[in-house]
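Subject: Structure handover and notes

Dear colleague,

I am passing on the structure we spoke about, together with some notes on it.

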Amino acid sequence: MEPRREDICVIIPTYNNAGTVMDVIARTLALDLPVIVVNDGCTDATALLLADADLPLTVLSHERNRGKGIALRTGLAFARKAGYRYAVTLDADGQHYPEDLPLLLAAIDAHPGALVLGSRNLASENMPGGNTFANRFSNFWFHVQTGLRIPDTQTGYRAYPLGKLPSLRLLTARYEAELTLLVFSAWKGIELVPVPVRVCYPEDRVSSFRPFRDFFRISVLNTFLCLLALVYGYPRMLLARLKR
């Protein structure tokens with residue numbers, strides 16, 4: 001069953017993106033979809049901008065910064081409870097084009113129940129070198145853990161089928177949460193559909209990604225997921241294929 005437009009919402013987690021978040025929100029609202037903003041304990045002007053905005057928004061706030069993974073958990077849990085069937089997530093730092101969202105919606109229509117991934121061009125001229133390396137590193141280990149190949153495992157531009165997702169309690173605090181959700185979704189047999197999208201890194205972009213610390217956390221997670229794949233992931237995928 002294909003989801004209707006009213007079954008879909010957009011979740012924008014933000015932490016100290018005062019320079020870009022309102023533009024991202026305005027461009028997303030122009031697409032006539034409900035927007036849920038998760039203020040993850042912002043300490044800049046973001047909270048004030050959201051409070052003063054005369055826009056049809058739902059704003060969820062953390063009193064302190066808890067990390068992107070927890071912000072996503074808050075937004076996804078709220079969307080599920082509100083009755084939405086799909087939630088599209090995009091970043092507040094300006095790197096994603098809200099105008100590409102119809103591409104994800106078309107993929108949802110063509111693949112009902114799939115997890116759609118807005119895949120960035122890792123070879124684009126303005127892609128930071130560290131991001132390119134981290135993505136390729138993550139893509140390799142995702143293939144080891146699931147047997148699947150997708151072009152961008154670290155994209156935050158995704159359309160989640162809320163009723164089919166693994167437990168949101170799997171989401172840890174930082175950026176590795178999105179990788180965890182992706183791997184467990186693959187193990188659960190959810191179809192993963194990549195869709196090419198544009199990417200932009202504006203000069204005033206503020207990223208909370210901490211290269212060394214977060215890369216270390218992702219490396220530790222990949223080690224754990226490789227071990228778990230042997231005793232849980234691969235057997236589960238095999239059983240799902242036998243049933244089909």
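Below is what was found, beginning with the whole chain and ending with single residues.

Please keep in mind throughout that this is a predicted model. The protein chain holds seven helices and seven strands, and along the sequence these elements follow the pattern β-α-β-α-β-α-β-α-β-α-β-α-β-α. Of the 244 residues in the protein chain, 50% are buried. Among contacts with a separation of 6 or more, 79% are between residues 24 or more positions apart.

**The sheet**

The seven strands form an open sheet with mixed pairing, in the order β3-β2-β1-β4-β6-β5-β7. Because β3 (57–62) and β7 (192–196) stand at the edges and each has a single partner strand, one side of each is left without a neighbour in the sheet. From one strand to the next, the twist averages 20°.

Strand β1, residues 8–14, runs parallel to strand β2, residues 35–40, and five bridges join the two; within this pair, Val10 stands opposite Val35 in β2. β1 also pairs with β4 in the parallel sense, over four bridges, and here Cys9 stands opposite Ala87 in β4. Helix α1 (residues 21–29) lies across β1, β2 and β3, and runs at about 175° to β1.

Ser119 is located in strand β5, which spans residues 115–119. Since buried means under 20% relative accessible area, Ser119 counts as buried because its relative accessibility is 7%. Leaving out residues up to four places away in sequence, Ser119 touches Pro151, Asp152, Pro194, Val195, Pro196 and Val197.

The other residue, Asn222, has its place in helix α7, and with a relative accessibility of 2% Asn222 therefore counts as buried as well. When residues up to four places away in sequence are not counted, Asn222 touches Phe137, Trp141, Gln145 and Leu179. Asn222 and Thr180 are 42 residues apart in sequence, and their C-alpha atoms are 8.9 Å apart in space.

**The second largest pocket**

The second largest pocket contains about 190 Å³ of space. Its lining is made up of 14 residues, and those nearest the centre of this pocket are Leu148, Ala186, Gly189, Ile190 and Arg241. Sorted by class, the lining of the second largest pocket has eight nonpolar residues, one polar residue and five charged residues. Helices α6 (176–187) and α7 (211–243) each supply at least two residues of this lining, and α7 gives the most, with three residues.

With best wishes

Definitions and conventions
Residues numbered from 1 in each chain as written. Predicted model: local features only at pLDDT ≥ 70, side-chain atom pairs only at ≥ 80, totals over all residues. Heavy atoms only, no water. Pairing = 2+ DSSP bridges. Axes fitted to C-alpha atoms, helices over the stretch in contact; angles between N-to-C directions. Contact = heavy atoms within 4.5 Å. 1 Å grid on protein atoms, 1.4 Å probe; cavity = no way out; pocket = protein on both sides within 12 Å on 5 of 7 lines; lining within 4 Å. Points joined across faces, edges and corners; volume = space filled by probe spheres on them. Nonpolar A, V, L, I, M, F, W, Y, C, P; charged D, E, K, R; others polar. Buried < 20%, exposed > 50% of the residue type's maximum accessible area, 1.4 Å probe, protein only.
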